[in-house]
Amino acid sequence: MSDIALDVLDLSVQFPTDRGIVQAVSGVSFALHAGETLGIVGESGSGKSVTSLATMGLLDPRFAHVEAAVLKVGDHDVRNLSERAWRAIRGREIAMIFQDPMTALNPFLTIERQMSEVLELHENATRKGARSRVVAALSDVGIADPEARAAGYPHEMSGGMRQRVGIAMALLAKPRVLIADEPTTALDVTVQAQILELLHKLQAQHGTAILLITHSLGVVAEACNRTSVMYAGRIVESATTEALFARPLHPYTRGLLASVPRLDGNPYRRLASIEGQPPAPGVVLPGCAFAPRCEWRRDRCERERPELERFVGRSSACFESRALSGAGE
Amino acid sequence: MSALLSVRALEKRFTTRSRGLFRRTTHTVQAVADVSFELERGSALGLVGESGSGKSTTARMIAGLLAPTSGSIRLDGVELAGAAEAVWRPQRRRLQMIFQDPYASLDPRRTVGATVIEPMIVQRLGKPRERRVRALALLEAVGLSAAHAGRYPHEFSGGQRQRVGIARALALEPELLVCDEPVSALDVSVQAQIINLFKELQERFGLAYLFIAHDLAVVRSLCERIAVMYAGRIVELAPRDSLFDSPRHPYTRALLSAVPIADPVLARTRERIVLLGDPPSLHAPPSGCPFHPRCSERVRVKGDRCARERPELPHESHSAACHLSVK
């Protein structure tokens, strides 16, 4: 397909540390199409944020070793790009919003000044031309009185409003891909609902491909067409969001889904939980990384790591998945 | 007299002064206004609301970490609001607090065993040997083992640290635990472990909880009664099932509809009320009902009553401070 906006094949990221090499991401592959939202869900340390930083070229090569068989944003091969070359890609082809929008905003510059920088850099826009585009962009993300806000500073805004500015700024140069790393985690639920709705609306308008990184299964269910689940640096399951929630094939996905308290669950029942915790960074197990916490564990799981196996429209990295998937029946 | 905790007309105002070149300006923030509720022995009350709703300020006043501006906090009939240290000290045993961030509330230079023993020393509880035995029993009660007693906080994961915090809170055999967002910093799979632990401990020790959280699903899994706060006030107070099945306050309805559901089919078919605008400024709260500028049902009230007159929270088993729910 030619509408692949972000193509990642066999991505791995290592951080050499004093105590040895920490393998943060291993063998991660996915293809993100124009107009779709792919969710990457995982817990702390699962490698989801490192994956997003690697695809944005934001990992410092002095501290992180990034390797991939394919890493393409649209038609651009972005492996081993120089910082100079990245500057022409970032913002224009691929942009990012963060959990804390203050990370992306400069507290010393007015909103207009920092937003127009994007247009001056990528489109040689003049200061005046940029102003009207900035005001229009702020109005698009639902900011009331955009002229006055453009002249203001980030600290004068609420968290939800700053995230709207972050989104407006990320989408200014109409990038093909938007990476949203926990975009609503710091926000209240009612504001979260507003922001998710806004992302959906803008995606429909511009056909932006969105990679949504989150720890929240609720956010994934609300916002993503397809979902990949990460555990200990690897994707352990990928499927359409409906299929993943209706019939999870990987025991980690099943455990995760069962442990979320739900508004329509039975409050008198104990929540299912996954005992134990994920392996510490730097610890590499010979077999499946989830085996120590898995109730389906067999001897084989501790010796041999199950590869991500493809089934119809989905994939899972567990020896039990083939039987569960109905394949070969 | 029967309630373990009885809170009446609790208020907290913060005053900030900023000195300009020529004049001094004073701002008053009404963080908590007219909060009243009761908590029975062995039961759990959830306090939910968004940032700035006053839920944490309420918890901190009840735990004695912040002095109320006015109002009454009675623990088993003993007035704690504005009480002297001599009154507080024996009551502290009965009421303990658990915080969101177990990293920040544990001393990094103290072993976990010493951490759990410390409150017993402060309160002169038992002999040294008895304290050690009790500390080990508590570590086991919260799902750690005696072998953990000699280790330091940095050797533990977030979930384990929260267990240590709970063991320390239980050291004094409290009757009430005030928990401020105790599971929000934890990963989903670990969060479920800690919620289950809270349930077990409640049954085992007959604990009462005042449970502050922004996650409604978490509160629902633990609390029999729930108070929803908005702009410093309780806007709805109801038993769990009636709150979730038939919420009466328009804000509660919006809040419930905004909670993401971990079910893609339901998530796409349900009706969602997306609130307009931002939460109210606490410097200059709206006139009348604090929710009226964002309320979509205001049109159903005659005249402009919502903008003029603040609806009171009635004393019923399911009460909502809304002109529409008062018959």
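In the predicted model, B:Met97 stands opposite B:Val178, a residue of strand E7 of chain B. Strand E7, which covers residues 176-180 of chain B, runs parallel to E6(B) and is joined to E6(B) by four bridges. Both strands belong to an open sheet of seven strands in chain B, in which the pairing is mixed and the order is E6-E7-E8-E3-E9-E10-E11. Because strand E6 (95-98) and strand E11 (319-320) of chain B each have a single partner strand, they stand at the edges of the sheet, and one side of each is left there without a neighbour. Across E6 and E7 of chain B lies helix H6 of that chain, formed by residues 158-170, and its direction makes an angle of about 170 degrees with E6(B).

Between the two chains, 44 residues of chain B are in contact with 44 residues of chain A, and the buried area amounts to about 3,800 Å², with carbon and sulfur atoms giving 52% of it. Five salt bridges are counted between chain B and chain A; in a salt bridge with an N to O distance of 3.4 Å, the side chain of B:Asp263 meets that of A:Arg262. Polar contacts between chain B and chain A number 25 residue pairs, with both residues at pLDDT 80 or more.

On the side of chain B that touches chain A, at least two residues come from each of the helices H7 (188-205), H8 (216-222), H9 (240-245), H10 (250-258) and H11 (264-269) of chain B. The most is given by H7(B), with 10 residues. Classified by residue type, this side of chain B holds 22 nonpolar, nine polar and 13 charged residues.

Note on methods
Residues are numbered from 1 along each chain as its sequence is written. Chains are lettered from A and ligands numbered from 1 in the order in which they are written. This is a predicted model: local features need pLDDT of at least 70, side-chain atom pairs count only at pLDDT 80 or more; totals for chains, interfaces and linings use all residues. Side-chain values use heavy atoms; hydrogens and water are left out. Two strands pair if DSSP finds at least two bridges between them. Contact means heavy atoms within 4.5 Å. Axes are lines fitted to C-alpha atoms, for helices over the stretch in contact, and angles run from 0 to 180 degrees between N-to-C directions. Buried area is the accessible area (1.4 Å probe) that two parts lose on being put together, summed over both. A salt bridge is a side-chain nitrogen of Lys or Arg within 4 Å of a carboxyl oxygen of Asp or Glu. A polar contact is a pair of N or O atoms within 3.5 Å; within protein, one must be able to donate a hydrogen and the other to accept it, and residues adjacent in sequence count only if both atoms are side-chain atoms. Ala, Val, Leu, Ile, Met, Phe, Trp, Tyr, Cys and Pro count as nonpolar, Asp, Glu, Lys and Arg as charged, and the others, Gly among them, as polar.
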